[in-house]
Amino acid sequence: MQYTKRALLKGSFALMALAALPARLLAAAWPEKAFSAPEMNAALTGLFGTDVLTASDQITLKAPEIAENGAVVPVSIKTTLPNVESISIVVEKNPRPMVATFEIPPGTLADISSRIKMAETSDVTAVIKTSDGLYSTARQVKVTIGGCGG
Amino acid sequence: MRVNNMIARSFFILMFVLQPVVAVSAEESKCFSPQEQIPADSPGNQKLHFEQQFNVAENLRQAAASAGAEWLKTESLLVRAREEAASGNWNQALQITAKACQQAELALQQAQYESEAWKSRVIK
Amino acid sequence: MIKAITAGLIFLFTLAVHQPAFAGPAEDRRAFVAYFESRFPDIPFAEYANGIYAIDQDARNQWIEIEEFPPYEFAVEQGESLWQETFADGKSYSDCFNSSEADVRQNYPRVDGLTGEVITLDMAINLCREEHGQKSFEFGGEEILALSAFIAFESRGNVFDIMVDEDDPQALAAYEEGKRFYYSKRGQLNLSCADCHVASAGQYVRADHLSASLGHPTHFPVYRSKLGSMLSLHQRVAGCIRDVRAKPFDLQSTEYRNLEYFLTYMSNGLEANGPGARK
Amino acid sequence: MASTIKVKTKLSDDVATVKSLMLHPMETGSRKDPDSGAIIPAHHITQLIFTNNGKQVMVANFSTAVSKNPYFSFSFNGAKAGDTLNISWVDNIGEKGELETQLK
């Protein structure tokens, strides 16, 4: 697939056509409420029904101290907590803090990596949902205005 | 001491000798100073004034371009100056032209200086 | 006495005439490499092929993460299928490059024996197309970037050995022009390539470290995260020119090709390791 | 047409590590077209689903804040050589991508 301007235009027409359909037909379980929330608390409540997190040192969150580029920040999360149901990445200062959430069925390891966008310097929070609650750890990632770069 | 005096004196004389020449060439290709007052009489006069300055700036820009030394915004400044002139904002138009003109002049000086100066920077 | 002076003058004159041979490309390169070796004594020579990641450890870690699965792989894949194109006359790129493996990155740029022009890889791709009746690609466009990414990928590990024939006045002139471009200050900021990437290499420009010039061309084209797309060496140079607030030249202009010739010659001995991933 | 998904898998004992890369613009919906100044509508993957021999092993839900050309990696137990790994994504405007591969 090539993302030329034409493809984008085509995409926006498709969007108009699909706008009439109920959103759940597009992505059944996509947690829209959490993803559209403009604040971290609302984003957490939208996904988990609560924004109460318990800090845990059994979560390893790997992220750079200073992001080379806010558009591509490598993030890895793993945990030794038992009975993990999901892992979520939250960036407090993003316009919409909920970045991604990963459902972990039994047999899948609680160990994921991805690359995310950060609008500005912010805490990155890893939220682990287990069968008995929400656990988290956070670390700050600095996003700077680049010089010339690469 | 005497030698220094001689050099100073000959330099002084040289300046006198050269002055008329410099003045003539500067008349043709000197950039308009943004501080200079613009004649506020008839619009026709202002247009003439602008076109004159614009030509000076554009010629200098082209000279800088052919020396491979044009600066980033000189051309777009001149485009803006034209736009301002088209809507009769002569003061604006002249000020922007003066800025572009100064850029072109400096770019040319830079190129002339660099034609030798780069050699001193080669890692040895 | 007069004879002796004349002889002395002739001797000096001869020296002067032969001066270029003493400060020729080979001598330039030795001095260039020696500069960086004394500037960064802990960085092994081969590491310069990694650009800024030879110098900046925190950035290097992020780069390694990206290299886990670099986005340029899509371009390499696209380039591979483009490489397999058969032209209208039954020929293909292999015929132009004398290689079915596409492992030719390290041979570019080179100077054309007839025209004396510097031929870059991107230019060679288009020359090949034109020769076989195909429409040439737009420089900086998706196809040529994909093809050059594939060729770079297939050439990984091959060592650059760019030739500047000191008996070929055209090659020498192109080299000298590139060198002049490299060391000349330009733009409103009055900076030369060397000001940033020699004298200030490793230092901060706002929040970035400046890369060393040694190794600059080895990893191009690159996937630029900032743009989310591939970028050619000339596009990157144009970015620098703009950053010093000078008007950039056209991609594949004589200016950029000569500069690439000089820069790549300076990086002789380093491995071709493109395509790269950059912030 | 080449797939919009690239995958690399590694088996060690019965643990499969899956690394995947999707070709997708991941438009945030707040970026402007540099030429026209018009806002480029949001266009992003919403869900990325992995199944192994038909069993769901991962569902990843993405917002627009996952980087362009998204990368995602994870591991799961109970895998063996020859298993069929299926990867599929769907985005907010209903476009889809899919890839099937054998674990080895």
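This report walks through parts of chains B, C and D in a predicted model.

## Ground rules

Since this is a predicted model, local features need pLDDT of at least 70 and side-chain atom pairs count only at pLDDT 80 or more, while totals for chains, interfaces and linings use all residues. Residues are numbered from 1 along each chain as its sequence is written, chains are lettered from A and ligands numbered from 1 in the order in which they are written, and side-chain values use heavy atoms, with hydrogens and water left out.

## Chain B: helices and no strands

Let's start with chain B, which has four helices and zero strands. Along the sequence, that reads α-α-α-α. (Helices are DSSP runs of H or I with at least four residues, strands are runs of E with at least two, and both are numbered from the N terminus.)

How much of chain B is buried? Of its 124 residues, 34% are; buried means under 20% relative accessible area, exposed means over 50%, and partly exposed is in between, using a 1.4 Å probe and protein chains only. Chain B exposes about 8,200 Å², and carbon and sulfur atoms supply 59% of that (Shrake-Rupley method, 1.4 Å probe; for residues, only the protein chains shown count as cover). Among the contacts in chain B with a separation of 6 or more, 66% link residues 24 or more positions apart. A contact means heavy atoms within 4.5 Å.

## Chain C: helices side by side

Two packed helices are described by the angle between their axes and the distance between the axes. In chain C, helix α2 (residues 25-39) and helix α8 (residues 169-183) pack at about 35°, with axes 12 Å apart. (Axes are lines fitted to C-alpha atoms, for helices over the stretch in contact, and angles run from 0 to 180 degrees between N-to-C directions.) On the α2(C) side, Pro25(C), Asp28(C) and Phe32(C) make the contact, meeting Leu172(C), Tyr175(C), Lys179(C), Tyr182(C) and Tyr183(C) of α8(C).

Now look at helix α11 (residues 254-266) of chain C. Is α11(C) mostly covered or mostly open? It's mostly covered, with 11 of its 13 residues buried, including Tyr256(C), Phe262(C) and Met266(C). The cover includes α2, α8 and α10 (233-243) of chain C.

## Chain C: a three-stranded sheet

Chain C also has an open sheet of three strands in the order β6-β5-β7, with mixed pairing. Here β6 (229-231) and β7 (276-278) stand at the edges with a single partner strand each, so one side of each has no neighbour in the sheet. Strand β5 (residues 222-224) runs parallel to β7(C), joined by three bridges, and Arg224(C) sits opposite Arg278(C) in β7(C). Two strands pair if DSSP finds at least two bridges between them.

Seven bridges join β6(D) to the antiparallel strand β3 (residues 45-52), with Gln47(D) opposite Val90(D). β6(D) also pairs with strand β7 (residues 96-102), antiparallel again and over seven bridges. Four residues lie between the strands in that hairpin, where Gly94(D) takes a positive phi near 85°.

Asp35(D) lies in the loop between β2 (15-22) and β3 of chain D. This residue counts as exposed because its relative accessibility is 64%.
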